[in-house]
Amino acid sequence: LLQIQSEMSRLREHVVLWFALRCALCISERRTIRVVMDPTNFQNMTESWNPTFVDYLNLQVGQTMNVTFELIEMNATYQSMDYRVNNRLVDFYFCSTARCGCTIARYNAVDLLTKIDYGLDRNTTTTKQGAVFVTASNNSKIQTMKDIRGASVISTDLQGLRNGIMQISSLFDQGIYLFNDAKFVATPSRYSPLSSHTAARLIAQGAVDVLMTESNDPILRDMRAALRVFGDLSSGSVLWYQTHTMATPNWGLLAFPHVPEPLTFAVLSALHAMPRSHPAAVAGDYAGWTMSVGYDDVVHILQDSGIIELDDTGAGPWCIWDRPSFHPYDLVTCPSDTSKLPEAASTVRCRDDNVTCPTAVCWCSPCRAGTDTQIYLRE
């Protein structure tokens with residue numbers, strides 16, 4: 001019996017030693033830290049961000065924290081994002097303004113930094129941008145937001161915070177329903193993207209009346225003679241975003257809650273110290289990073305616009321464009337005394353009105369008089 005007890009004691013010691021060695025090996029293993037990049041314009045951005053951005057983090061943080069950084073793309077549907085966040089397969093997220101708001105709302109991610117962009121004159125820098133309406137310089141019909149009634153409107157991305165959401169919200173505050181009151185709204189499809197310069201040329205040529213874009217869009221510099229930012233001129237301002245909506249932060253870097261604080265602080269400190277002359281900043285065409293200027297207002301804008309809602313399972317808030325069944329036409333809103341037509345009926349109306357659609361998708365008068373119940377009873 002004593003011999004058996006002695007053997008059991010030695011066995012326990014071996015087991016404890018094995019686990020101790022295993023734990024030591026786990027600690028010493030170099031971990032890969034994944035920085036997810038917003039799928040918006042991923043290919044173009046990674047061509048300029050890789051490898052300089054990752055190289056900078058590996059040099060400044062990787063050696064001291066025993067980690068290796070990797071820049072990856074992820075189509076940010078919540079099915080895949082939930083899985084990866086819950087299983088700690090992603091650590092940081094470099095996201096567009098709207099995506100940052102959605103991610104903070106759902107995962108309680110921490111906003112660390114905001115990217116510093118160059119101003120249009122390249123001599124100034126900015127951490128925030130506004131949303132603007134743009135028309136052709138020689139288009140005398142469009143002077144105020146109320147002139148959008150009966151005008152044709154184009155957006156490069158209706159899901160973009162400053163390319164559609166904020167403009168639609170501000171028009172609503174003026175009693176204007178963009179989709180119901182405009183002659184038509186043109187937007188690209190997923191398979192036929194539209195650049196700002198292409199949209200601006202359509203404005204300059206008179207094919208469309210109004211473009212919704214952001215205040216730091218390079219077209220406002222490159223096509224200054226052909227374009228004009230307009231607003232509520234009765235207020236004495238031609239910069240609509242200064243008088244009718246707040247400016248919102250640039251793209252930001254978030255940390256998911258599971259990331260250890262020392263690593264979070266190391267990344268924050270390293271990027272905050274990046275000079276604008278560093279190859280990573282030069283390649284990415286930005287002026288550096290600043291402490292987060294705050295994305296709470298973005299979350300509130302998305303909530304007030306009906307973009308953030310509870311998901312189908314009630315597990316938490318999500319943005320409607322991440323529903324599996326989401327279609328851009330879901331962004332169309334109609335007055336309460338009307339009902340929304342199916343998308344096909346809206347495109348038929350474009351054909352009946354002899355509208356020449358300048359993009360892949362156009363919607364014409366998608367709202368019809370009467371609520372669904374009233375129309376059902378009438379029919």
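Which residues in α5 meet V298, V299 and L302 in α13? Select T97, A98, G101, C102, I104 and A105 in α5 to see them (contact means heavy atoms within 4.5 Å).

Before going on, some ground rules. This is a predicted model, where local features need pLDDT of at least 70, side-chain atom pairs count only at pLDDT 80 or more, and totals for chains, interfaces and linings use all residues. Residues are numbered from 1 along each chain as its sequence is written, and side-chain values use heavy atoms, with hydrogens and water left out.

**Stop one: α5 and α13.** Show residues 97-107 (α5) and 296-304 (α13): they pack at about 85°, with axes 9 Å apart. That makes α5 roughly perpendicular to α13 (65 to 115 degrees). This contact divides into seven nonpolar, two polar and no charged residues.

**Stop two: α3 and α11.** Now pick residues 52-65 (α3) and 261-272 (α11), whose axes lie 10 Å apart at an angle of about 135°. α3 and α11 are therefore oblique to each other. Colour F53, Y56, L57, Q60, V61 and M65 on α3, then P262, L263, A266, V267, A270 and L271 on α11, and you have the contact. By class, there are eleven nonpolar, one polar and no charged residues here.

**Stop three: confidence.** Colour by pLDDT (the predictor's confidence in each residue, from 0 to 100). The chain's mean is 84, and 82% of its residues reach 70 or more. Go to residues 233-244, where pLDDT is below 50; beyond near neighbours in sequence, this stretch has 32 contacts in the model. Residues 373-379 also stay under 50, with six contacts beyond four places in sequence. Where pLDDT is low, the predicted coordinates should not be read in detail.

Conventions
Axes are lines fitted to C-alpha atoms, for helices over the stretch in contact, and angles run from 0 to 180 degrees between N-to-C directions. Helices (H or I, at least four residues) and strands (E, at least two) are DSSP runs, numbered from the N terminus. Angles under 35 degrees count as roughly parallel, over 145 as roughly antiparallel, 65 to 115 as roughly perpendicular and the rest as oblique. Ala, Val, Leu, Ile, Met, Phe, Trp, Tyr, Cys and Pro count as nonpolar, Asp, Glu, Lys and Arg as charged, and the others, Gly among them, as polar.
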